[in-house]
Amino acid sequence: MWENRCKVAISGVGYSKATRSADIPLAAHALEAVRGAVADSGLRMEDIDGLATYPELPATGHAEVDGISVVSVNCMMAMLKLPNLTWHIQVGTTNIGGAVQQATNALLAGVCKYAVVWRAMHNPSGTYQNLPGNMAAGATQFTGPFGFGGPGQGMAVAYTRWLEKNNQTRDKMATLAVTQRKHTQHNPHAYFYGTPLTREDYFASRMVAYPFCLFDCDIPVQGAVAVVLTLADRARDLKPAPAYLAGYGQRLHFETAGRIGSLSSYMEGGSSSAKLTWERSGFTPKDVDVAQIYDGFSASVIYGLESYGFCKEGEALDFIQDGRIELDGDLPLNTFGGSLGTGRIHGLWHIIEGALQASGRAGSRQVKDVNVSFVGASAPIVTGTTFIFVREPY
Amino acid sequence: MSDWSKVTRPIPVPNEWTRPFWAAAKRNALELQRCQSCGHFQHPPFATCTQCISIDLKFEPVRGVGTIYAYTIMYHTGDKRFASAVPYASIVVELDDAPGALMAGNLLGAEYTEAKVGRRVEVVFEPLNDDITLPQWRLANV
Ligand SMILES: [Zn+2]
């Protein structure tokens, strides 16, 4: 087990309003989320001495303007002018989960006391994957000429592989979309709060990139979320109940750029990250009371459930049936609605929900008697990270 | 059948790793990067052998026959260059001669509904301009 097991905790969490269009600069969303997280902890802004984020804009063909389409650490530093700042970082090889892990490491190293991690996501006007131009350079020279334009198609090819290799049907995915949308109705911060989804809606929706229909894809939004991390001893003195970090992992497999469709790459990415997390935390999939698994595209949940070890390969779409992922099921899943419910804010939302469920703060969507709360914070293949939060720090 | 006639395909920009691949395609030949130490074929090209880390890599001819490893049918028209062809099948092919080397392409000369995992395909060459020819795919009985 990890010698630093349960020595760091997530304390406060914060959100901005998630909107479809970018009416106000992204920096304002990030600021709202960060202020919310700090206030939720009962801290003052001048207590914050660590900053971390992953600022990437996953949309293609749009300018990255700091404060408008991304919110970098530099941007946040300039806005907050924190008098006691001692540490900051932006991560690259992992998505936002890596920023949470780096903040954890910084706290354990004693180089800051209260770290804030935020994820701010811009929704550019016009087509999200704006692919102009008539040249395909770099890795896209082997995909772009054939109409592989965005990450959706890259994810879709692995999904057809999975479906047809395992003799499965995409109809079963309706259960995930509908159940998550049901969970969304307990999350007032979610974009689709107040908008239910039926199985009929799912089957009637337009196809985007087969096997993905509209409701298999998270909707691009403008918004931000944030968390405060601190050492467990300090977290106990703050306002909210701490969510103790029992262990984490990151994917150790790398797929060469431009090689798409490999199902085994998803599995190796996810299993390598989960293995570290199980070993460090001392838990196994059977111990998990509630799980958040990244769902930017629905099929990510399949790769997550299988590669993390919740079910066998080829069985994920059967595993999610019969009420298992409901709030009172055997494995309540994406209880905040997932990215399919909140809109595209990447995996920090999954981490927030993992922490809220562990600390008993999830309100009307709180799963009963949670101790072990699992998070897979991004697609296992590219930038996968995994976490376990617990209520009881032993 | 998908109408490709009005599609403007982005044109590959060869670099030092990929130039031999495109030079071969221009001659209507398929050549993939192969490790001279362990014999492993890989695609897309990479700096080292992804099996044994050797840097002794050369392009060698492979037969243009294989199976559809995976596919997607594109319906979204966000990419204006391809909007006129939707729905169309983008496929990933695993060659008989190079297991694990996955090549993206389109299924040509067949309904997009014919794309299925495991179907046999063979290469056809589609010239884009004087310099670049794309390896593409059609259903095969081989
Ligand atoms: Zn080798």
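Tutor: Buried means under 20% relative accessible area. Keep that cut-off in hand; this model is predicted.

Student: Why does R344(A) count as buried?

Tutor: Its relative accessibility is 12%. The cut-off is under 20%, so R344(A) counts as buried.

Student: What makes R344(A) and D218(A) a salt bridge?

Tutor: The closest N and O atoms are 2.8 Å apart. The limit is within 4 Å, so the pair qualifies. The two residues link distant parts of the chain, 126 residues apart. D218(A) is buried as well, at 3% relative accessibility.

Student: Why is E122(B) called partly exposed?

Tutor: E122(B) has a relative accessible area of 22%. Buried needs under 20% and exposed needs over 50%, so 22% falls in between. E122(B) forms a salt bridge with R138(B), with the closest N and O atoms 2.9 Å apart. R138(B), at 41%, is partly exposed too.

Student: How do you know which atoms are donors of the zinc ion?

Tutor: The SG atoms of C35(B), C38(B), C49(B) and C52(B) lie 2.3 Å from the zinc ion. Donors must be within 2.8 Å of the metal, so these atoms count.

Student: What makes the site of the zinc ion tetrahedral?

Tutor: The angles among its 4 donor atoms are 103 to 115°.

Student: What does the pair C35(B) and C49(B) tie together?

Tutor: C35(B) lies in strand 2 of chain B, and C49(B) in the loop between strand 3 and strand 4, so the pair ties together parts 14 residues apart in sequence.

Conventions. Residues are numbered from 1 along each chain as its sequence is written. Chains are lettered from A and ligands numbered from 1 in the order in which they are written. This is a predicted model: local features need pLDDT of at least 70, side-chain atom pairs count only at pLDDT 80 or more; totals for chains, interfaces and linings use all residues. Side-chain values use heavy atoms; hydrogens and water are left out. Donors are N, O and S atoms within 2.8 Å of the metal (3.2 Å for Na, K and Ca); water is not among the atoms, so sites may look incomplete. Four donors count as tetrahedral if all angles lie between 85 and 135 degrees; four count as square planar and six as octahedral if opposite donors are over 155 degrees apart and all others between 65 and 115; anything else is irregular. Helices (H or I, at least four residues) and strands (E, at least two) are DSSP runs, numbered from the N terminus. A salt bridge is a side-chain nitrogen of Lys or Arg within 4 Å of a carboxyl oxygen of Asp or Glu. Buried means under 20% relative accessible area, exposed over 50%, partly exposed in between (1.4 Å probe, protein chains only).
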